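I opened my notebook to record what I looked up in this entry. The notes follow in the order I took them.

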Amino acid sequence: MINVSKIKKGIVLDHIKAGEGHCLYKALNLDKVEDTVVLMQNISSTSKGKKDLIKIETDFDLDFTVLGLIAPHTTVNYIVDGERTEKYRMELPEKVNGIMKCKNPRCITNVEKVEDILFTLKDIKNKEYSCEYCDSVTRYEE
Ligand SMILES: [Zn+2]
């Protein structure tokens, strides 16, 4: 059993889909954290098969947009003094700014190298977003 309260202070990312923990670890730049970070893979979860879990034993400025894009069903637990103080369930972000690139080669953003393009969620099931400039549909690539 994983006891969340074993960590004194930090963040526990729970219910990550099995196999996604590693992507998340890279995308959130957890390799840059100087404190303890633990990635656990393929833990047996009572509810639905296996899951991954990441423990970050420090204050860390999580990028919720990236987290929501990659692993929208993750549960984020904040731990202070060994107690869980906050818990969030991630969802796909409605708006994504500055992370994704437009797939349409003729889009102005690709011609003029525009940064910080705003994408709006169009299709939750397929994780599809539309570009603010050309309305082309794009998915986030990990
Ligand atoms: Zn575009």
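How many bridges join strand S4 to S5, and do they run parallel or antiparallel? I worked from a predicted model. I found 6 bridges between S4 (residues 75–80) and S5, and the two strands run antiparallel.

S4 and S5 make a hairpin, with 2 residues between them. In the turn, I noted a positive phi of about 50° for Asp 81.

Next I asked how many residues of S5 are buried.

I turned to Lys 26, which is in helix H1 (residues 21–27). Is Lys 26 buried or exposed? I noted 12 C-beta neighbours inside 10 Å, and a residue with 12 or fewer is exposed, so Lys 26 counts as exposed. I also checked Lys 26 against Asn 77: they are 51 residues apart along the chain, and 19 Å separate their C-alpha atoms.

For the chain as a whole, I wrote down domain 1 (4–89) and domain 2 (95–139). Their centres, taken over C-alpha atoms, are 27 Å apart.

Last, I looked at an open sheet of 4 strands, in the order S6-S7-S8-S9 with antiparallel pairing. S6 (95–97) and S9 (137–139) are the edge strands, each pairing on one side only. On average, neighbouring strands of this sheet are turned by 40° against each other, direction ignored. Within the sheet, 4 bridges pair S7 (residues 118–123) with S8 (residues 128–131) in the antiparallel sense. I noted Phe 119 opposite Cys 131 in S8.

Conventions: Residues numbered from 1 in each chain as written. Predicted model: local features only at pLDDT ≥ 70, side-chain atom pairs only at ≥ 80, totals over all residues. Domains from an automatic or database assignment. Buried ≥ 20, exposed ≤ 12 C-beta atoms within 10 Å, placed from the backbone. Pairing = 2+ DSSP bridges. Axes fitted to C-alpha atoms, helices over the stretch in contact; angles between N-to-C directions.
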